[in-house]
Each structure stands twice: as C-alpha cells, then as structure tokens.
Amino acid sequence: MEYIDISDKQITKRQHYVPKAYLKNFAIEDQGTPQVYAVFSEEIESKLVSIDNICCRNYLYDQIAIDPESNTHIFVAPNEIEDSFIQLEGEYAAIVSKMKEALLVRNDFELSTPEIGKIKIFMSLLIWRNPIFIHILKCTIDRLYNQDLEHIEATRNKFPDIPPNLLVAYFANNQLKKYLSIATLAMAETMQNSKICIIKAQRSLFVTSDIPVVNIYGEKLGIEYDLMGMPITPDLFLAFIDTDYPVPKVVTVDDSQVKRINGKQVGGARRLLISNSDELLSYVAYSYEQEDDSWLYQMIHMDKETALREYREIMNSKEIKYWK
C-alpha cells in the first residue's frame with residue numbers, strides 16, 4: 001500500500017473529464033493557445049476560453065485523505081487514474097487524424113479492428129469519467145466500505161499503523177479503478193455489432209459539449225436504428241449504428257439534419273456547448289427531443305433524479321471530497 005503527501009510529488013490539480021486531445025479538434029489558435037467558443041448553461045453569449053480551463057475539475061480522480069495528526073493532505077496513488085488515460089487519448093488523436101486525412105483525400109476511410117476497438121473504448125470512457133458519475137461513485141464507495149464491517153476490521157488488523165481514513169481512501173481508489181474499467185468495457189460491448197459510420201456536415205458545423213456522446217434511436221422509412229456517437233471535428237460526427245441493414249461508411253447531411261443532431265447536445269446534465277464558431281447556437285435545433293439517458297443511472301443502481309440531486313449537492317458545496 002502506497003500513499004504520498006502532496007509535497008512529495010507534482011500532482012495534476014486540474015483534471016479533464018473531456019480530454020484536450022478531443023477538444024483540440026474544435027479549437028482555434030489564439031496567440032498559440034488552443035481555445036474554443038463555449039456557451040455555458042442558461043447563457044446565450046459565447047465566450048472564447050482556453051481548453052485548459054473547461055471540462056475539468058480539481059483532483060477529480062484522486063483520493064485525498066486528511067492526516068489526523070498533521071492535518072496535511074495525503075494523496076493515495078496520486079494521478080494514477082488520470083495518467084491511465086494518457087495512452088488511449090494519444091491513440092484516439094492519431095486515429096482521428098488518420099480519418100480526417102483519408103476523408104479529405106478520397107472521402108473514405110479504413111480502420112483496423114484494433115483501431116475501431118480503441119475508439120469504442122475512448123467513447124465509452126468519456127461517459128463514465130464524467131464528474132457526475134465519478135462523484136456519485138465516490139459516495140457509493142464510501143457507503144459500501146462502511147457497510148462491510150468484516151472487511152473493515154480485517155483491513156485495519158492487517159494495517160494497524162495506517163489511519164482509518166487512509167484505508168478508506170485506498171479502498172476508494174481501487175474501487176473507482178475497477179468500476180471505471182467494468183463500466184467502460186460494458187459500454188463498449190453494447191457497440192460490438194454496430195456498424196461504424198462518419199456523418200459529414202455540409203455547409204454547417206457540429207457542436208459538441210461537456211458530455212459529447214449521444215444516443216439517437218428511432219425509425220426512418222421503416223428501418224429501425226440505434227446510434228451511439230459523438231462529433232469528432234466541427235465537420236465530422238462518428239457513429240456506431242446498430243441496425244440490420246447496410247450502412248454507408250460516409251454519409252453527408254444537410255443543415256437541418258446537423259441542427260437536429262446538435263440538439264442532442266442540449267439539456268440534461270450538460271453544462272456547456274463547445275464549438276470553433278462564436279455563432280454556435282445558430283447550429284442547434286432546441287426543439288429536438290432529448291434522448292432518454294436514464295439507463296446510464298440504472299447501471300449505478302440509482303435513479304436519475306437522485307443521482308443529479310446528489311451531484312448538485314456535492315458541486316454546490318464547492319469543496320473537494322476529503323476522506324477524514
């Protein structure tokens with residue numbers, strides 16, 4: 001068991017839940033710094049902000065305990081979870097770059113099975129590394145630990161010199177890693193039989209958000225479909241479509257269809273819209289019916305209303321969760 005005081009290692013304070021490797025594809029360069037136009041919830045004016053300063057929370061994935069004697073902050077496995085995303089984020093950026101170049105040259109693309117698998121994992125992880133689920137999982141882990149009295153006693157007997165709150169923090173870190181892995185792999189598995197497709201905007205722009213992945217399902221011309229996807233650039237929307245019918249690899253859609261897809265980025269738990277255009281709101285159809293995302297909350301055995309209420313309570317406290 002390893003734990004470390006904040007003074008012993010450089011800790012990444014601002015941890016992104018939508019990685020900069022994703023946000024860069026929606027950014028413009030301003031004095032050498034990638035920036036995006038963002039519209040925050042309940043606002044109508046866009047703001048130009050650095051991608052360093054959005055879609056992040058302080059110490060989001062880290063477990064921090066308060067040493068009962070010195071009152072100092074102690075990090076359990078600092079940056080372990082944050083750093084575990086780095087390789088996948090780099091691989092995602094390389095795959096998207098490859099797709100962009102191929103689509104520009106011949107309006108087509110080829111990906112290997114491992115590359116498609118990595119995109120599915122990246123997309124699935126985007127859902128679960130969101131602060132809503134991270135904070136709720138931390139609270140759930142806390143309750144689970146305190147309900148398992150036999151486990152608590154055995155752990156304390158094994159590590160008698162370690163303060164109880166450090167044991168809880170250590171337990172929480174391991175459980176969070178486990179839950180993130182299981183949930184991500186389970187989500188990716190739901191796309192196992194889906195067909196990959198790129199939807200191209202024609203004289204319009206795709207808008208993204210702090211929860212980029214959307215689920216679109218329905219029926220058109222008698223054909224049922226279930227689509228899981230996200231914008232990967234302002235011009236391209238990557239989709240995995242679950243249907244029994246053939247799906248073209250590249251589909252071009254008009255302005256109205258782009259607006260309908262962008263409408264999926266509005267509402268729910270989303271806090272901001274993101275684009276490379278200061279007129280991003282003009283590309284969104286607000287009347288489009290929002291998807292039912294209650295299944296996400298069912299996977300953590302909590303209804304959506306309770307989950308969002310707990311999240312609001314945590315965030316409104318404006319305090320990082322410390323294990324005391």
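1. Buried residues (under 20% relative accessible area, with a 1.4 Å probe and protein chains only; over 50% is exposed and in between is partly exposed) make up 50% of the 324 residues in the chain. Please keep in mind that this is a predicted model, where local features need pLDDT of at least 70 and side-chain atom pairs count only at pLDDT 80 or more, while totals for chains, interfaces and linings use all residues. Residues are numbered from 1 along each chain as its sequence is written, and side-chain values use heavy atoms, leaving out hydrogens and water.

2. On the overall make-up, the chain has 10 helices and 16 strands; these are DSSP runs numbered from the N terminus, with helices being H or I of at least four residues and strands E of at least two. Contact here means heavy atoms within 4.5 Å. Among contacts between residues at least 6 apart in sequence, 74% join residues at least 24 apart.

3. H5 is mostly covered, with 12 of its 17 residues buried. Among them are Pro131, Ile132, Phe133, Ile134, His135 and Ile136, and the buried set also includes Cys139, Thr140, Ile141 and Tyr145.

4. Lys138 deserves a look of its own. This lysine lies in helix H5 and counts as buried because its relative accessibility is 4%.

5. The axes of H5 and H6 come within 5 Å and cross at roughly 80°; axes are lines fitted to C-alpha atoms, for helices over the stretch in contact, and angles run from 0 to 180 degrees between N-to-C directions. That makes H5 roughly perpendicular to H6 (65 to 115 degrees; under 35 is roughly parallel, over 145 roughly antiparallel and the rest oblique). Tyr145, Asn146 and Gln147 in H5 meet Leu149, His151 and Ile152 in H6. The residues of this contact divide into 3 nonpolar, 3 polar and no charged, where Ala, Val, Leu, Ile, Met, Phe, Trp, Tyr, Cys and Pro count as nonpolar, Asp, Glu, Lys and Arg as charged, and the others, Gly among them, as polar.

6. H5 also packs with helix H7 (residues 164–189), at an angle of about 125° and with the axes 9 Å apart. That makes H5 oblique to H7. On the H5 side the contact is made by Ile134, Leu137, Lys138, Ile141, Asp142, Leu144 and Tyr145. H7 brings Leu167, Val168, Phe171, Ala172, Gln175, Leu176, Tyr179 and Leu180. By class, the contact of H5 with H7 has 12 nonpolar, 1 polar and 2 charged residues. As a reminder for reading such lists, an α-helix has 3.6 residues a turn, so residues three or four places apart point the same way.

7. A further helix pair is H3 (residues 86–106) with H4 (residues 113–128), whose axes come within 10 Å and cross at roughly 120°. That makes H3 oblique to H4, and H3 passes H4 in a left-handed crossing. Leu88, Glu89, Glu91, Tyr92, Ile95, Lys98 and Met99 in H3 meet Glu115, Lys118, Ile119, Ile121, Phe122 and Leu125 in H4. By class, this contact has 8 nonpolar, no polar and 5 charged residues.

8. Two backbone values are worth checking by eye. Tyr59, in the loop between strand E6 (56–58) and strand E7 (63–66), has phi near 50°, a positive value in a residue other than glycine. Tyr59 is buried, with a relative accessible area of 12%. Asn79 sits in the loop between strand E8 (73–76) and helix H2 (80–84), and its phi is near 65°, again positive in a residue other than glycine. Asn79 counts as buried, at 3% relative accessibility.

9. Finally, Pro68 is found in the loop between E7 and E8 and is exposed, with a relative accessible area of 59%. Leaving aside neighbours within four places in sequence, Pro68 is in contact with Pro163 and Asn165. The C-alpha atoms of Pro68 and Leu166 are separated by 9.8 Å, with the residues 98 apart along the chain.

Key. A crossing is left-handed if the near helix is turned anticlockwise from the far one by less than a right angle, and right-handed if clockwise.
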